[in-house]
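Please open the model in your viewer and keep the sequence panel beside it. The tour below goes from the whole chain to single side chains, one selection at a time.

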Amino acid sequence: MLQRETFIWSLSNVPLLEAYIHVLDGDPLQEVVKSVIHEYKASVVPKRSNFRECINHGDFSDLNVLVQPEGDGHKISGILDFGDMNSGYYIYELAITIMYMMTEHPKPIEVGGPVLAGWESVLPLNEAEKDCLYVLVLSRFCQSLVLARHSVTLNPENKEYLMTTSRKGVHTLRQLWKLGQEQVEKVWFQSAAQFGKKK
């Protein structure tokens, strides 16, 4: 398996964000990020032994997916950018996918249900994975926001590109945190169940 112990973008390493959180000094978002990291340590770390292992692509965003027309819609024809591959868990890939899809949708909270339904049509989540999905999605938002700001301090000339996800994600992260796990999971899992019934 590829090493995950120090790879900052691995969802196994969310606590490493604490070394970078100073880039949010003076920004109210810092308290949300600190709270998410705390929640990750409290609720995800104890359950990781129940996650199913795999190699993660690690950056499954719309920018890295090739599609081609098929019938009335499209199908995935290829995947790009394997530079963030690392050892991890299937649930990480789902969380990352939901997070990136949320940044592209006008109603981001609603995205989780359809993505989850598609995922579970192939690989149903176990209880530990279900319990941690919300926190893992928030954790990926935190990674993206904090590490983007850190990267801008190193490469200010690339700010426009580096802040792409961050600009879209700040509002969504706040919204997810404000709604809370119970409310967000209700939207996601009920919507996913409805998609399952349509099959």
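What does the accessible surface of the protein chain come to, and what percentage of it belongs to carbon and sulfur atoms? In this predicted model, the surface comes to about 10500 Å², and 54% of that area belongs to carbon and sulfur atoms.

Begin with the chain as a cartoon, where you will find 7 helices and 4 strands, arranged along the sequence in the pattern α-β-β-β-β-α-α-α-α-α-α. Of the 199 residues in the chain, 46% are buried, and among the contacts with a separation of 6 or more, 74% are between residues 24 or more positions apart.

Next, select Leu133, Leu136 and Val137, which touch the most other members of the largest nonpolar core, a set of 50 residues. Helices H1, H2, H3, H4, H6 and H7 each supply at least two residues of this core, and H4 gives the most, with 13 residues. If you then display what surrounds Val137, leaving aside its neighbours within four places in sequence, you will see contacts with Ala95, Ile98, Met99, Met102, Leu176 and Trp188.

Now move to helix H3 and select its buried residues, which are Gly112, Gly113, Leu116, Ala117 and Trp119. Looking down the axis of H3, you will find them within an arc of 165 degrees, so they line one face of the helix.

For the charged side chains, of which the whole structure has 8 salt bridges, start with Glu18 and Lys41, where N and O are 2.8 Å apart. Because Glu18 lies in the segment before H1 and Lys41 in helix H1, this pair ties together parts that are 23 residues apart in sequence. Glu18 is partly exposed at 45% relative accessible area, and Lys41 is also partly exposed, at 37%.

Then select Asp27 and Arg149, whose side chains meet in a salt bridge of 3.0 Å, N to O; Asp27 is in the segment before H1 and Arg149 in helix H4, so that the pair links parts of the chain 122 residues apart. Asp27 is buried, with a relative accessible area of 18%, whereas Arg149 is partly exposed at 22%.

Ile76 is placed in strand E3, residues 73–79, and counts as exposed at 52% relative accessibility.

Note on methods:
Residues numbered from 1 in each chain as written. Predicted model: local features only at pLDDT ≥ 70, side-chain atom pairs only at ≥ 80, totals over all residues. Heavy atoms only, no water. Buried < 20%, exposed > 50% of the residue type's maximum accessible area, 1.4 Å probe, protein only. Core = buried A, V, L, I, M, F, W, Y, C linked by side-chain atoms within 4.5 Å. Contact = heavy atoms within 4.5 Å. Areas by Shrake-Rupley, 256 points an atom, 1.4 Å probe, with all protein chains shown as cover. Arc of directions from axis to C-beta. Salt bridge = Lys/Arg side-chain N within 4 Å of Asp/Glu carboxyl O.
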